[in-house]
2 protein chains.
Amino acid sequence: MTKAPDSSRRSEHSRRAILDSALALVGEVGYNKLTIEAIAARAGVGKQTIYRWWPSKAAVLLDASLALSGEAWTDTGWSGFPDTGDLAADLKAVLRATVDEFSDPRYEAPARALTAAGATDPDLSARFTEQLLEPQLALYEARLRAARDAGQLAADADLRLVTEMLVGPLTYRWLLRTAPLTHAFTDALVDSVLAGVGGAGGADGVAKVTVR
Amino acid sequence: MTKAPDSSRRSEHSRRAILDSALALVGEVGYNKLTIEAIAARAGVGKQTIYRWWPSKAAVLLDASLALSGEAWTDTGWSGFPDTGDLAADLKAVLRATVDEFSDPRYEAPARALTAAGATDPDLSARFTEQLLEPQLALYEARLRAARDAGQLAADADLRLVTEMLVGPLTYRWLLRTAPLTHAFTDALVDSVLAGVGGAGGADGVAKVTVR
């Protein structure tokens with residue numbers, strides 16, 4: 001006889017309730033007013049249960065965001081970054097899904113709370129970048145590497161730079177609300193990143209050929 | 001006889017002391033722990049003097065950032081956005097200056113504090129964007145419009161999109177610390193935005209010609 005299965009089910013149930021409560025609460029009261037006490041009360045657990053697993057509210061929220069981010073990916077039905085062979089189409093699909101995610105209040109509130117906290121807290125920012133952001137950026141880089149190998153990207157393209165040319169403007173417009181965050185915007189962004197916006201050979205339907 | 005000149009000099013002196021104190025303090029204690037009381041004490045004025053002019057610490061910090069941002073521009077010796085006729089060179093010069101500004105602790109601390117506060121406060125964000133950000137973006141757009149008129153930019157280029165393709169990746173890397181924020185990075189960004197990163201006609205010295 002062992003108690004492990006029951007105990008482990010109870011733990012998983014508590015863990016899930018704590019993460020869900022943290023996400024709901026941060027959307028309602030914001031990061032600054034979020035407390036471990038309030039998360040515990042909402043989740044129906046004791047404060048000590050939370051402190052046993054996480055050192056701070058930031059750590060709870062980071063894990064909650066990781067879980068949510070995993071769900072968003074699963075929701076699309078993709079098992080990984082799409083690779084149909086058409087780089088522009090794949091990038092547009094992923095950026096559209098990201099726009100949808102950033103516009104969903106369930107994601108937006110914790111994402112803004114974490115971004116705000118990380119902006120002025122280098123330690124939290126480093127954890128956030130390493131655990132949440134880098135794995136996502138690595139997926140872009142892998143897809144771009146395949147495109148580069150297939151000759152669809154400049155041979156000396158800096159994959160991190162190209163990745164940031166895609167996610168940077170999207171994140172900027174989302175965070176600073178400088179203009180509406182739409183699918184039309186991210187579609188145009190992908191086309192402009194690939195074709196360039198400089199004079200001849202720009203985005204107005206003029207074909208490009210290569211000469212030496 | 002009038003007391004106006006003296007009184008107005010005193011007011012300007014107090015105003016300047018308050019803005020300087022707010023900038024210094026936010027760098028030392030962060031936005032969350034910044035208080036009107038502490039700003040007043042450091043500036044050598046009463047709390048009521050601050051509340052007469054500003055409704056909140058966020059409003060003080062916004063005005064302080066506006067003043068600082070004006071100084072940064074003046075420091076470069078430019079009277080406006082540079083226009084030498086060479087679009088790539090002008091954009092590189094401005095982005096390099098922005099990298100320097102973002103790396104200067106005097107600017108960085110208040111900029112991070114305002115970005116963090118604005119991320120979760122839509123009202124503050126709207127003021128921040130309207131008063132601090134939009135005037136800067138408008139300078140980019142004006143320079144890009146001149147380039148478009150001169151045929152150096154695609155005829156149908158979306159000037160706001162191109163502006164965000166430049167400042168977006170820079171702001172992203174600064175805020176999230178995903179990689180070093182260097183002049184080499186912004187130089188490569190400008191070249192990639194103008195030429196595009198897609199296959200043929202990319203950034204590896206291959207000439208581009210236009211065909212119909």
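B:Arg52 lies over the face of B:Trp53, at 5.7 Å from the ring centre; a charge sits over a ring when NZ of Lys or CZ of Arg is within 6 Å of the ring centre and within 35 degrees of the ring normal. The model is predicted, with local features needing pLDDT of at least 70 and side-chain atom pairs counting only at pLDDT 80 or more, while totals for chains, interfaces and linings use all residues, and side-chain values use heavy atoms, with hydrogens and water left out. Residues are numbered from 1 along each chain as its sequence is written, and chains are lettered from A and ligands numbered from 1 in the order in which they are written.

A second contact of this kind is found in chain A, where A:Arg173 is placed over the face of A:Phe185, 3.7 Å from the centre of the ring. Aromatic rings also meet one another. A pair of aromatic rings is described by the distance of the centres and the angle of the planes. Rings of Phe, Tyr and Trp (its six-membered ring) are paired if their centres lie within 6.5 Å, with planes under 30 degrees apart counted as stacked, over 60 as edge-to-face and the rest as tilted. Over all chains, this rule gives 6 aromatic pairs. One of them joins A:Phe81 and A:Tyr140, whose ring centres are 5.1 Å apart and whose planes stand at 65 degrees, so the pair is edge-to-face. A:Phe81 belongs to the loop between helix 4 (57-75) and helix 5 (87-103) of chain A, and A:Tyr140 to helix 7 (residues 122-149) of chain A, so the pair ties together parts that are 59 residues apart in sequence. Here helices (H or I, at least four residues) and strands (E, at least two) are DSSP runs, numbered from the N terminus.

Both A:Phe81 and A:Tyr140 are buried, a word that stands for under 20% relative accessible area, with exposed meaning over 50% and partly exposed in between (1.4 Å probe, protein chains only). For A:Tyr140 the relative accessibility is 7%. In chain B, the rings of B:Trp53 and B:Trp54 have centres 5.9 Å apart and planes at 85 degrees, so this pair is edge-to-face.

Helix 7 of chain A deserves a paragraph of its own. At A:Leu133 this helix bends by about 45 degrees, and a proline, A:Pro135, follows within four residues; the bend at a residue is the angle between axes fitted to the seven residues ending there and the seven starting there. The buried residues of helix 7 include A:Leu124, A:Phe128, A:Leu132, A:Leu133, A:Leu137, A:Tyr140, A:Glu141, A:Arg143 and A:Leu144. Just after the helix, A:Gly151 takes a positive phi of about 80 degrees. From C-alpha to C-alpha, A:Tyr140 and A:Gln152 are 15 Å apart in space and 12 residues apart in sequence.

Chain A as a whole has 9 helices and 1 strand, in the order α-α-α-α-α-α-α-α-α-β along the sequence. Its C-alpha trace spans about 75 × 45 × 30 Å along the principal axes, and 49% of its 212 residues count as buried. A:Ala43, in helix 2 (residues 36-43) of chain A, is buried with a relative accessible area of 15%. A:Ala43 and A:Arg15 are 28 residues apart in sequence, and 8.9 Å separates them in space, C-alpha to C-alpha.

Attention now turns to helix 8 and what follows. A cavity is a set of points, on a 1 Å grid over the protein atoms alone, where a 1.4 Å probe fits but cannot get out, and its lining residues have an atom within 4 Å of a point. Grid points are joined across faces, edges and corners, and a volume is the space filled by probe spheres set on the points. The count comes to 1 cavity of 30 Å³ or more, and the largest cavity has a volume of about 50 Å³. Its lining consists of A:Gly168, A:Thr171, A:Tyr172, A:Leu175, A:Leu176, B:Thr171, B:Tyr172, B:Leu175 and B:Leu176. The elements giving two or more residues to this lining are helix 8 (159-176) of chain A and helix 8 (159-176) of chain B.

In the loop between helix 8 and helix 9 (183-195) of chain A lies A:Arg177, which has a positive phi of about 55 degrees although it is not a glycine.

Note on methods. 1 Å grid on protein atoms, 1.4 Å probe; cavity = no way out; pocket = protein on both sides within 12 Å on 5 of 7 lines; lining within 4 Å.
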